[in-house]
Amino acid sequence: MKPIYSKSQLGYMKAKTQFEKQAVILEKKLEDTRKTQEITQEVMEGLVQTTGFHDAYNNLVLAENDLIEWSHTTMKHEKTYRENRLAIDDMYLRLNSDPNMRAQIIELAMKIR
């Protein structure tokens, strides 16, 4: 049976897929550009903009934030949350200062059904 995803989970999956596609395009452009010129910061910024990588990154961050907010709200209705409220809330408080915690929360959020 196919899993059922929330709107936030679907949005995250779509944004992540688009980001990965744009990363491949950026890598290809970088390879091609290296053949003809030095990659300076200015050149890199131009490639990031023209390939759509910048927009894809911003959309991914927005989708991650939406997914995290959705998961925290959804989780509050679970018995496990009520039993471990302080530890779970601490995880969510650290998500902006700890990239590993953010990644863990996103991974867990994608497992919520």
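Reader: Which element has the lowest mean pLDDT, and which the highest?
Author: In this predicted model, helix α4 (residues 79-83) has the lowest mean pLDDT among the elements of the chain, at 85. The highest belongs to α1, at 97.

Reader: And what does the chain average?
Author: The average pLDDT is 93, and 100% of the residues score at least 70.

Reader: On to packing. What is the angle between α1 and α3?
Author: About 155°, for helix α1 (residues 7-34) against helix α3 (residues 53-75). Their axes are 8 Å apart. Angles over 145 degrees count as roughly antiparallel, so α1 is roughly antiparallel to α3.

Reader: Left-handed or right-handed crossing?
Author: α1 passes α3 in a left-handed crossing.

Reader: Which residues in α1 and α3 meet?
Author: From α1, the contact includes Tyr12, Ala15, Phe19, Ala23 and Leu26. On the α3 side, Phe53, Tyr57, Leu60, Leu67 and Trp70 are among them. By class, this contact of α1 with α3 has twelve nonpolar, six polar and three charged residues.

Reader: What about α3 and α5, at what angle do they pack?
Author: About 170°, with the axes of α3 and helix α5 (residues 85-94) 12 Å apart. The two helices are therefore roughly antiparallel to each other.

Reader: Which residues meet there?
Author: Ile68, Ser71, His72 and Met75 in α3 meet Ile88, Asp89 and Tyr92 in α5.

Reader: How many of those are nonpolar, polar and charged?
Author: The contact of α3 with α5 has four nonpolar residues, two polar and one charged.

Definitions and conventions
Residues numbered from 1 in each chain as written. Predicted model: local features only at pLDDT ≥ 70, side-chain atom pairs only at ≥ 80, totals over all residues. Heavy atoms only, no water. Axes fitted to C-alpha atoms, helices over the stretch in contact; angles between N-to-C directions. Helix = DSSP H or I, 4+ residues; strand = E, 2+ residues; numbered from the N terminus. Parallel < 35°, antiparallel > 145°, perpendicular 65-115°, else oblique. Left-handed = near helix turned anticlockwise from the far one by under 90°. Contact = heavy atoms within 4.5 Å. Nonpolar A, V, L, I, M, F, W, Y, C, P; charged D, E, K, R; others polar. pLDDT = per-residue confidence, 0-100.
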